[in-house]
Amino acid sequence: MLISTALFSSFACSAKPDSTAAANHPAAVKADADNAGLTLPKGFGALKVTDAYKGARHIVVTPQGDIYVKLSGLKDGKGVYLLHDANGDGKADEQTGFANYGGTGVAIKDGYLYASSNTDVYRYKLDADNKVTNPDAPEKIITGLIDRHQHESKSIALDDAGNIYVNIGAYSNSCQEKDRSTGSLGRKPCPILDSAGGIWQFKADKLNQTYGDGVRYATGLRNVVGLDWNKTTNTLFVMQHGRDGLHDLFPSMFDTKQSAELPSECMYELKQGVNAGWPYIYYDQIQKKKILAPEYGGDGKKTGGEDAIDPTVAFPGHLAPNALLFYTGSMFPEKYKNGAFVAFHGSWNRAPEPQKGYFVVFVPFKDGKPSGDWEVFADGFAGGPEFISPGKAKHRPTGLAQGPDGSLYVSDDSGGTIYRIIYNK
Amino acid sequence: MIKGIIVSAALSVIACVSVNAQAPSKAAMAKGKELYTQYCLTCHQPDGEGVPNLNPPLIKTSYTVGDKTKLITWVLSGTTDKKEIDGQFYSNNMPPQNYLKDEEISAVLTYIRNSFGNKASAVSAAEVKKVRATVK
């Protein structure tokens with residue numbers, strides 16, 4: 001009852017012309033005096049839309065400028081919130097919660113909102129204002145996906161041909177006989193790959209699909225949290241979280257410094273049927289080679305994975321890429337058009353070496369391929385150098401979304417902040 | 001003579017106090033730190049803070065400073081289950097550490113129970129041995 005009242009009032013609000021001020025008059029939105037604590041390239045500014053959504057995972061912004069945020073757990077019993085800016089100052093001042101499940105994925109496509117738990121994917125019909133019409137009765141389109149705690153989040157992306165792509169992370173670090181145990185060898189073939197460690201494709205409009213109804217679209221991906229459909233290439237791009245513990249598991253082959261840098265966190269362009277090589281190989285961004293994993297007879301030098309694809313971009317190890325977004329807006333300067341933003345949650349597996357990440361990077365693209373080196377775009381989320389650690393960081397970038405005016409939104413599951421980054425023309 | 005008696009009385013009081021509190025020896029703490037650095041630090045972090053949602057912290061959690069049998073069992077057996085620790089769940093598996101000797105587990109557990117702001121009784125090798133006999 002409360003929910004329907006709240007929804008009804010947001011419908012009522014959205015009928016007022018001034019309620020869409022944020023979308024129609026982007027100039028009215030000003031950066032916070034301190035740019036919300038972020039360090040940004042010249043000409044950019046940032047504001048805090050809200051800081052009330054601890055566990056904020058992925059986000060999506062509607063053409064009206066409203067934000068849907070998926071929470072990892074429940075806040076007041078709800079796992080998805082719609083945030084509305086009624087007075088056009090860029091700050092969320094009305095919110096509506098629904099969905100009785102935590103999770104990571106959220107997306108909008110062709111009149112539906114899609115959201116995922118760690119086992120299922122739901123969709124909600126949207127009205128002309130992109131507000132959900134059936135908050136308590138979504139359609140369950142995918143069900144029964146594996147959740148064995150490790151790498152359990154299900155991220156989603158949709159193409160233009162009626163398909164939805166779901167990451168099913170491997171419930172293992174490197175498919176050892178004994179997970180994360182020193183010296184334990186790899187299982188061959190790795191049995192996890194039949195139902196996890198890849199991207200599955202399902203129909204976006206069919207109910208109750210499970211493994212048998214979907215297609216294992218790409219395999220050999222340990223865990224993907226950030227993924228996006230690239231409209232320039234008409235292909236899916238994903239960010240893999242690379243394996244942990246080269247030194248801890250094989251101390252005679254790797255020292256702590258090598259183990260902190262390796263393996264690469266890779267961006268891959270996926271075409272149907274490809275294999276990215278996990279767990280048999282990893283990508284070494286320093287040697288620029290696919291290296292046989294020590295669990296499978298590797299020694300840090302032997303190459304492998306002749307049938308595995310090469311990465312599109314190879315980042316340093318353990319930075320934890322949790323979101324990927326190809327920027328198609330026109331607010332930012334030309335260099336950003338069609339390029340990739342990647343939100344790095346920040347490392348833990350670099351210890352005892354210093355941690356790294358906790359920032360958003362940019363990779364310029366031209367004709368669907370990287371046209372330059374990656375660079376840090378937004379930094380300072382952790383709160384200062386002394387907070388660059390998973391337990392101390394005040395904010396950890398988790399989700400990315402583009403607003404109708406071309407603003408870039410960044411969510412943070414640690415501090416619960418949603419940032420909006422704007423360019424001051 | 002009297003002075004000597006007082007001094008030795010005082011010394012035995014100190015000795016008694018430290019035995020009662022089971023305060024860890026410097027040697028045990030040093031050995032524990034060395035083992036912690038080698039086997040535990042990557043996941044549980046240099047300051048025992050762990051990794052939110054992935055690897056549990058060791059700072060004043062009921063498992064760390066509470067019942068020793070539960071703690072020793074966890075370390076020997078590891079876990080692949082999603083277990084609740086003080087209201088939180090953590091996603092990563094803990095590998096069994098049963099390859100460590102009783103004395104080593106005693107040292108590292110004594111270390112974590114008396115580091116990162118924790119203050120709890122030492123874990124003896126005999127206690128580890130006793131629990132090991134009950135763990136598959």
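**Exercises on a predicted two-chain model**

In this predicted model, chain A contains an open sheet of 4 strands, ordered E6-E7-E8-E9 with antiparallel pairing.

**Exercise 1.** Determine which strands of chain A stand at the edges of the sheet.

*Solution.* Begin with the strand order, E6-E7-E8-E9. Strand E6 (106–109) and strand E9 (139–142) of chain A each have a single partner strand, so one side of each lacks a neighbour in the sheet and both stand at the edges. From one strand to the next, the twist averages 30 degrees.

**Exercise 2.** Describe how strands E7 and E8 of chain A are joined, and identify the bridge partner of Ala115(A) in E8(A).

*Solution.* Strand E7 covers residues 112–116 and strand E8 residues 121–125 of chain A; the two run antiparallel and are joined by 5 bridges. Within E8(A), Tyr122(A) is the bridge partner of Ala115(A).

**Exercise 3.** Locate Met94(B) and decide whether Met94(B) is buried or exposed.

*Solution.* First, the position: Met94(B) lies in the loop between strand E2 (88–89) and helix H6 (102–112) of chain B. Next, the neighbour count: Met94(B) has 21 C-beta neighbours inside 10 Å. Burial requires 20 or more, and Met94(B) therefore counts as buried. Finally, the contacts: leaving aside residues up to four places away in sequence, Met94(B) touches Gly78(B) and Thr79(B). Val51(B), 43 residues from Met94(B) in sequence, is 13 Å away in space, C-alpha to C-alpha.

**Exercise 4.** State how many residues of chain B are in contact with chain A, and classify them.

*Solution.* On chain B, 16 residues are in contact with 17 residues of chain A. The chain B side comprises 7 nonpolar, 7 polar and 2 charged residues.

How values were computed:
Residues are numbered from 1 along each chain as its sequence is written. Chains are lettered from A and ligands numbered from 1 in the order in which they are written. This is a predicted model: local features need pLDDT of at least 70, side-chain atom pairs count only at pLDDT 80 or more; totals for chains, interfaces and linings use all residues. Two residues are in contact if their C-beta atoms, placed from the backbone, lie within 7 Å. Ala, Val, Leu, Ile, Met, Phe, Trp, Tyr, Cys and Pro count as nonpolar, Asp, Glu, Lys and Arg as charged, and the others, Gly among them, as polar. A residue is buried if 20 or more other C-beta atoms lie within 10 Å of its own, exposed if 12 or fewer, and partly exposed in between; C-beta atoms are placed from the backbone. Two strands pair if DSSP finds at least two bridges between them. Axes are lines fitted to C-alpha atoms, for helices over the stretch in contact, and angles run from 0 to 180 degrees between N-to-C directions.
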